[in-house]
Amino acid sequence: MIQSTPPNVIVIGGGPSGTTTATLIAQKGYKVRLYEREKGPRFHIGESLIPQTYWVLQRLNMLPKMKSSNYIKKYSVQFVGSSGRLSEPFYFVDHKPHESSQTWQVRRSEFDKMMLDNAAEHGVDVQQGVRVLEVLFEGDRAVGVRLQDENGEERIEHADVIVDASGQSTLIQGKLGLREWDPELKKAACWTYWEGAYRDTGHDEGATVVLQVQGKAGWFWYIPLHDNIVSVGIVASHDYLFKNRPSKDFETIYNEELEKCPAVKQRIANAKRSDIYRAAKEYSYRSKQVAGNGWALVGDALGFLDPLYSSGVLLALKSGQLAADAICEGLAAGDTSEAKLRSWEVDYFRGMERMRQLVLAYYSGLSFGKFVSQHPHRKGDITDLLIGDLFRPELDETLGLIGEAVKAHTAMA
Ligand SMILES: Cc1cc2nc3c(=O)[nH]c(=O)nc-3n(C[C@H](O)[C@H](O)[C@H](O)COP(=O)(O)OP(=O)(O)OC[C@H]3O[C@@H](n4cnc5c(N)ncnc54)[C@H](O)[C@@H]3O)c2cc1C
């Protein structure tokens, strides 16, 4: 197929980070082409949004679509300890009385399609069923991509900037050897979906529940979706979940962990499984840099932390927004150099690190309830972190105190 004039920007991947970047650049009048290897809606994990996604969704003009969707509204998160004790729901609106405090539990095949359609409505040339095989460089500058269309035909296309939003395929990270594995988060997950499982009522229906297994070796997520489906998955260290087990079969492992979590077992006792068992591992990593000459990384192609606190889609949207703004500035100035495209790196990595510290504190066994009772005036900061308001340096003082509490807790254990 012969392509029309080359775009200013090529985006690889049509997940939340790719569609965000593409839409925001197209809004400024630049020509953007997005390549997604799958044709039509595809399965993806990452269903629970957090409140700070609101501000990026607003810029994308996605809020009216979200509001009129049948996604379950999420107002809170709730924790269940290994003894089965249920914490008070943690209502986001108690901290921020604003409509952004209500967010959504989405089925990703539907949400991602909505984002792709929205990108097309904003002028992005969305091409599905096209796989990018390679990002092409001249020296250290990205200049284009080699791709394969759905008929198996290969071609080369050039652009001023290449955005890698390929998720865990991490095309550029892999090519340039930029990946740094997280030394402390070596987790894995195994999950499936249940129809007719227990649901709370009213504002609590859409709460994400985080339930610790007995012995505290792992935790289950419990995420109510529409059509009476609940997403239920176990997260634990990779070695614990997949090594030294008589059976490596996902269903067997899942059921063994269910036995250690009666609170989940009861919730799905009368439910019917509606999907296969799925698993993911080796997902906690980060690139050494967010951009270079003529290229930028966003979403999982830049890095991913952990499923705890559901920060993945927020970070995908936020990095997409920051990259798009830097790219537009660069295109306007005729300067798409590394210095220009990396302008957001320091602040972004600091924000990501703040969420990481909160994740590590949970895995260390620190009780946030106890921490808040000792430092009541820090509750607001913890809420800010949980809703994804990660980019405020003032939060570092509270994180420092959390770090000290983790050290004291670990020394006592
Ligand atoms: C177990 C688990 C649970 C999670 N739970 C949550 C949660 O509850 N909430 C949350 O916010 N996040 C969660 N996440 C994280 C979330 O899934 C990701 O952070 C999010 O999907 C990242 O979006 P993305 O657009 O960067 O990448 P993706 O959503 O992976 O999109 C990448 C896209 O690129 C396409 N692609 C890949 N390679 C190519 C290629 N060569 N050419 C063309 N297209 C290509 C893919 O088909 C895909 O559509 C979870 C992650 C895991 C592992």
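Domain bounds here come from an automatic or database domain assignment.

**View 1. The chain is divided into three stretches of domain.** Domain 1 covers 9-67 + 107-181 + 285-348, domain 2 covers 72-105 + 187-281, and domain 3 covers 364-412. Please keep in mind that this is a predicted model, in which local features need pLDDT of at least 70 and side-chain atom pairs count only at pLDDT 80 or more, while totals for chains, interfaces and linings use all residues. Residues are numbered from 1 along each chain as its sequence is written.

**View 2. Here domain 2 touches domain 3.** Taken over C-alpha atoms, the centres of domain 2 and domain 3 are 23 Å apart. Domain 2 gives 7 residues to the contact and domain 3 gives 6 residues (in contact means that C-beta atoms, placed from the backbone, lie within 7 Å).

**View 3. Helix H1 (residues 16-27) meets helix H5 (residues 108-121).** Helices are DSSP runs (H or I, at least four residues) and strands are E runs of at least two, numbered from the N terminus. The two axes, lines fitted to C-alpha atoms over the stretch in contact, with angles from 0 to 180 degrees between N-to-C directions, come within 9 Å and cross at roughly 15 degrees. H1 and H5 are therefore roughly parallel to each other (angles under 35 degrees count as such). Pro-16, Thr-19, Ala-22 and Thr-23 in H1 face Asp-112, Met-115, Leu-116, Asn-118 and Ala-119 in H5 across this contact.

**View 4. A shell of residues lies around the ligand.** Of its 36 residues, Gly-15, Gly-46, Gly-167, Gly-299 and Gly-312 come nearest (near means a C-beta atom, placed from the backbone, within 6 Å). Helix H10 supplies the largest share, 4 residues.

Notes: Parallel < 35°, antiparallel > 145°, perpendicular 65-115°, else oblique. Contact = placed C-beta atoms within 7 Å. Nonpolar A, V, L, I, M, F, W, Y, C, P; charged D, E, K, R; others polar.
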